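Please keep the sequence and the structure at hand while reading.

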Amino acid sequence: RDFGGRRRVGWHHIGKSANRQLSFARPSPRVPQDHSTISAFHGTSRFAAELIEKGGFLPSKSGMIGPGVYFSRDPSKAESYGEVILKLEVDLGKICVIEHQ
């Protein structure tokens, strides 16, 4: 898979308190359509953010639902994964809805 393709990284350092700096409303529709483009957030370290900006995303070897690149439409969720939050435009493929952990 090519995770370095079209990306517009908003290289915004939102900081330690995204909830105080962003007003977040649940995205509509809750589940986006297959093959649509959405705005989303990816939390990571400053070092990893610089690597992503230079070379694109590399899929993780594991994760809650397997290997891949993880992101959230909720910036406060992304914030829990690192000090830097990247704002992304993400081209989706087929959507898989996970109702519980």
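## Contacts and overall make-up

Among the contacts in the chain with a separation of 6 or more, 83% are accounted for by residues 24 or more positions apart. The model is a predicted one.

The chain contains three helices and two strands, and from the N terminus on its elements follow the order α-β-α-α-β. Of the 101 residues in the chain, 30% are buried. The accessible surface is about 7,200 Å², and carbon and sulfur atoms contribute 51% of that surface.

## The salt bridge

One salt bridge turns up in a search of the whole structure. The partners are Lys 94 and Asp 34, whose closest N and O atoms are 3.7 Å apart. This pair links distant parts of the chain, 60 residues apart: Lys 94 sits in the segment after β2 (84-91), and Asp 34 in the loop between α1 (18-21) and β1 (37-44). Side chains of opposite charge can pair when their charged atoms come close.

Lys 94 has a relative accessible area of 68% and is exposed. Asp 34, at 35%, is partly exposed.

## The site around Ser 72

Ser 72 belongs to the loop between α2 (46-55) and α3 (75-79). Its relative accessible area is 16%, so Ser 72 counts as buried, the cut-off being under 20%.

A polar atom of the Ser 72 side chain lies 2.9 Å from the backbone nitrogen of Asp 74. Leaving aside residues up to four places away in sequence, Ser 72 touches Ala 40, Phe 41, Lys 77 and Ala 78.

Terms used:
Residues numbered from 1 in each chain as written. Predicted model: local features only at pLDDT ≥ 70, side-chain atom pairs only at ≥ 80, totals over all residues. Heavy atoms only, no water. Salt bridge = Lys/Arg side-chain N within 4 Å of Asp/Glu carboxyl O. Helix = DSSP H or I, 4+ residues; strand = E, 2+ residues; numbered from the N terminus. Buried < 20%, exposed > 50% of the residue type's maximum accessible area, 1.4 Å probe, protein only. Polar contact = N/O pair within 3.5 Å; in protein donor to acceptor, adjacent residues only side chain to side chain. Contact = heavy atoms within 4.5 Å. Areas by Shrake-Rupley, 256 points an atom, 1.4 Å probe, with all protein chains shown as cover.
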